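Subject: Structure handover and findings

Dear colleague,

Please find the structure below, followed by an account of what was found in it. I would be grateful if you could read the two side by side.

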Amino acid sequence: MMARRNWLTFVLLGGVIVLVAVAAELVGDRLLLRITTNLCISMVLVIGLQIFMGNSGILSFAHVGFMGVGAYTSAVLTIPVQMKGMALPNLYPFLADVQMLPVVGMALGGLTAALVAALAVYPLMRLSDAAAVITSFALFVVLHTIMYHWSDVTNGPRTLFGIPGGTTLPLAAGVAIAAVLAALLFKESRVGRLLRASRDDEIAAASLGAHIPRLRWQAFIVSALLAGIGGALWGHFITSFSPKQLWLKETFVILAMLVIGGPRTVTGAVVGVLIVTASFESLRSLEGAINRADILSEPLVGMTELTLAVAMIAVLALRPGGICPSREVGYYLFRRRARGP
């Protein structure tokens with residue numbers, strides 16, 4: 001029964017992603033294609049965060065840091081050799097002559113992020129509540145500082161350019177669908193079930209033999225893997241970036257998407273990305289139209305971020321569990337089908 005519900009959820013969520021991508025391709029508008037591609041990349045990142053945060057109940061600020069690890073790893077491995085001399089003049093010799101296909105670089109970017117997470121975060125998984133949140137932010141600061149100052153590999157605070165554009169809408173949509181499947185499989189795996197048990201009652205789960213730090217560590221590795229792949233997709237989509245674009249603003253947007261949709265469900269992650277992206281782009285267009293019309297004496301700046309913050313506060317106050325708080329969409333449809341007409 002549970003497998004059927006998850007299969008139905010995957011078909012519905014995957015169908016929504018395919019429908020949005022196909023509609024954008026049929027319309028053919030260049031701006032809409034870019035927005036939809038960015039939506040699918042955001043979906044990979046938010047679903048990756050949901051795997052850890054939704055199952056463990058621990059807020060993680062370090063997610064965008066691992067996004068950066070994936071983005072920079074893939075960029076260094078895929079920038080053409082001729083371009084590396086200009087973009088990264090002090091790059092280490094064993095990397096200077098390496099040039100891989102963007103798809104291979106994306107996969108290795110995700111694996112590198114997962115490896116860094118596996119080596120760095122296990123001691124932090126023993127912490128809970130406020131201590132866990134603070135240490136995750138400290139880890140985020142460490143990763144960002146390395147990206148900001150490791151000039152030989154990242155070009156430091158300057159923009160890294162010359163990255164080949166390998167992220168297309170079909171590729172981003174396919175990875176988003178794979179991320180949905182991975183999140184649902186993890187949720188119903190033994191690790192996922194025990195991790196949710198520790199989220200609801202840590203003492204009871206430990207008394208039943210659950211090794212809570214190891215469970216959290218495994219979930220964090222999977223989360224970092226998707227964050228790294230999402231970061232690599234993002235890097236090959238915009239083709240030039242700096243550490244400033246991988247800081248608090250991006251963290252806030254990803255957290256807002258998950259919180260508004262519902263951190264405990266994969267459905268909530270997908271719904272949150274769709275709602276926030278549609279709202280964000282609509283408000284950005286409205287803000288631009290107001291500024292072009294010279295209605296106000298000074299340019300209107302920050303309306304999108306302010307509205308997103310207010311929406312996040314409203315959801316936390318009125319519906320703390322988000323729009324989809326506890327059940328996947330397949331549960332409701334399966335229950336309705338089981339009851340009959």
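Ala 131 has a relative accessibility of 36% and therefore counts as partly exposed, where buried means under 20% relative accessible area, exposed means over 50% and partly exposed covers the range in between, computed with a 1.4 Å probe on protein chains only. The residue Ala 131 is found in helix H7, residues 129–149; helices here are DSSP runs of H or I with at least four residues, numbered from the N terminus. Between Ala 131 and Val 141 there are ten residues in sequence and 15 Å in space, taken C-alpha to C-alpha.

Please note that this is a predicted model, in which local features need pLDDT of at least 70 and side-chain atom pairs count only at pLDDT 80 or more, while totals for chains, interfaces and linings use all residues. Residues are numbered from 1 along each chain as its sequence is written, and side-chain values use heavy atoms, with hydrogens and water left out.

Helix packing

Two packed helices are described by the angle between their axes and the distance between the axes. Axes are lines fitted to C-alpha atoms, for helices over the stretch in contact, and angles run from 0 to 180 degrees between N-to-C directions. Helix H2 (residues 30–56) packs with helix H13 (residues 248–261) at an angle of about 65°, the axes being 10 Å apart. H2 is therefore roughly perpendicular to H13, given that angles under 35 degrees count as roughly parallel, over 145 as roughly antiparallel, 65 to 115 as roughly perpendicular and the rest as oblique. On the H2 side the contact (heavy atoms within 4.5 Å) includes Leu 45, Leu 49 and Met 53, and on the H13 side Ile 254 and Leu 258 are among the residues met. The residues of this contact of H2 with H13 divide into nine nonpolar, two polar and no charged.

H9 and helix H12 (residues 212–238) pack at an angle of about 175°, with their axes 11 Å apart, which means that H9 is roughly antiparallel to H12. In this pair, Leu 171, Val 175, Ala 179 and Phe 186 of H9 meet Ala 219, Val 222, Leu 226, Ile 229 and Leu 233 of H12.

Helix H2 also contains Thr 37, which counts as buried because its relative accessibility is 4%. Leaving aside residues up to four places away in sequence, Thr 37 touches Thr 167, Thr 168, Leu 169, Ala 172 and Phe 237.

Salt bridges

The structure holds eight salt bridges, each defined as a side-chain nitrogen of Lys or Arg within 4 Å of a carboxyl oxygen of Asp or Glu. One of them joins the side chains of Glu 328 and Lys 187, at 2.7 Å from N to O. This pair links distant parts of the chain, 141 residues apart: Glu 328 is in the loop between helix H15 (303–318) and helix H16 (329–339), and Lys 187 is in helix H9 (residues 169–187). Glu 328 is buried, with a relative accessible area of 6%, and Lys 187 is buried at 9%.

The side chains of Asp 200 and Arg 264 also meet in a salt bridge, at 3.9 Å from N to O. Here Asp 200 is exposed, at 53% relative accessible area, whereas Arg 264 is partly exposed, at 40%.

Yours sincerely

Technical notes: Helix = DSSP H or I, 4+ residues; strand = E, 2+ residues; numbered from the N terminus. Nonpolar A, V, L, I, M, F, W, Y, C, P; charged D, E, K, R; others polar.
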